[in-house]
Amino acid sequence: MKEFTGRVWLLPDDVDTDIIIPTEYLALPTVDDMKQYAFSPLREDLAKQIKPGDIIVAGKNFGCGSSREQAPEIIKHLGVACVIAKSYARIFFRNSFNNGLLLLENEHLYDEIKEGDTITVKDGEVVANGKSYPVPAIPQNLMEILEAGGLVKAMQKRNGIA
């Protein structure tokens with residue numbers, strides 16, 4: 001994983017996929033049309049404030065609720081570099097990697113930073129305010145999916161299609 005630095009957006013525990021993208025916007029024709037409504041039940045203008053390279057830091061159970069794939073896809077289309085949470089809903093976790101969105105876990109980071117802080121993500125750790133927070137290593141198969149830009153692109157690459 002390449003090292004990167006980004007601005008933090010803090011989100012609470014139990015952010016479900018209906019908060020990430022409310023049901024009424026799923027009928028819009030493209031993810032780019034939908035992304036402006038991301039997180040609107042939680043914070044109306046958040047999607048407009050997120051800039052490419054920003055990092056979401058969240059509490060427990062991020063991505064709970066339905067298993068809609070649009071949720072991680074929209075976060076990726078907002079330009080979010082990664083999400084770091086205390087824990088994730090398992091289906092959201094896998095859908096995120098399948099869509100090329102990096103997820104990391106750390107139990108303490110959320111409680112020790114504030115929104116707007118700048119943090120750096122490197123192999124095995126997140127550095128915030130001069131302190132290092134360990135994150136579990138990402139298995140090689142998931143890294144290959146991320147590096148390809150998602151599962152479909154990874155399979156195309158593996159099979160010599162792209």
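Q: How much space lies in the second largest pocket?
A: About 170 Å³. The model is predicted: local features need pLDDT of at least 70 and side-chain atom pairs pLDDT 80 or more, while totals for chains, interfaces and linings use all residues. Numbering runs from 1 along each chain as its sequence is written, and side-chain values use heavy atoms, without hydrogens or water.

Q: What counts as a pocket here?
A: An open set of points on a 1 Å grid over the protein atoms alone, where a 1.4 Å probe fits, with protein on both sides within 12 Å along at least five of seven lines; lining residues have an atom within 4 Å of a point. Volume is the space filled by probe spheres set on the points, joined across faces, edges and corners.

Q: Which residues line the second largest pocket?
A: Asn141, Glu144, Ile145, Glu147 and Ala148 are among them. Leu151, Ala154, Met155, Lys157 and Arg158 also line the second largest pocket. H7 and helix H8 (151-158) each give two or more residues to that lining. Helices are DSSP runs of H or I, at least four residues, and strands are E runs of at least two.

Q: How do those lining residues divide by class?
A: The second largest pocket has five nonpolar, one polar and four charged lining residues.

Q: And the largest pocket, how much space is in that one?
A: About 260 Å³. There are 14 lining residues, and the closest to the centre of the largest pocket are Ala81, Gly100, Leu102, Leu146 and Glu147. Helix H7 (residues 140-148) gives the most to this lining, with three residues. By class, the lining of the largest pocket has eight nonpolar, three polar and three charged residues.

Q: What about Asn99, buried or exposed?
A: Asn99 is buried, at a relative accessible area of 15%. Buried means under 20% (1.4 Å probe, protein chains only). Asn99 sits in the loop between helix H5 (90-98) and strand E4 (103-105).

Q: What does Asn99 touch?
A: Glu69, Pro72, Glu73, Lys76, Gly149 and Gly150, leaving out residues up to four places away in sequence. Contact means heavy atoms within 4.5 Å.

Q: Which residues of H5 are buried?
A: Phe92, Phe93, Asn95, Ser96 and Phe97. The buried residues of H5 pack against helix H1 (17-20), helix H4 (70-77), E4, H7 and H8.

Q: Switching to the sheet. What is the strand order?
A: E4-E3-E2-E1-E5-E6-E7, an open sheet of seven strands with mixed pairing. Strands pair if DSSP finds at least two bridges between them.

Q: Which strands stand at the edges?
A: E4 and strand E7 (131-134). Each has a single partner strand, so one side of each has no neighbour in the sheet.

Q: How do E5 and E6 pair?
A: Strand E5 (residues 118-122) and strand E6 (residues 125-128) are antiparallel, over four bridges. Thr120 has Val127 in E6 as its bridge partner. The bridge partner of Lys122 is Glu125, also in E6.

Q: What happens in the hairpin of E5 and E6?
A: Two residues lie between the strands, and Gly124 takes a positive phi near 80°.

Q: How many bridges join E6 to E7?
A: Four, and the two strands run antiparallel. Ala128 stands opposite Lys131 in E7. The hairpin of E6 and E7 has two residues between the strands, with Asn129 at a positive phi near 50°.

Q: Which residues of E6 are on the covered face?
A: Val126 and Ala128, whereas Glu125 and Val127 form the uncovered face of E6.

Notes:
Buried means under 20% relative accessible area, exposed over 50%, partly exposed in between (1.4 Å probe, protein chains only). Ala, Val, Leu, Ile, Met, Phe, Trp, Tyr, Cys and Pro count as nonpolar, Asp, Glu, Lys and Arg as charged, and the others, Gly among them, as polar.
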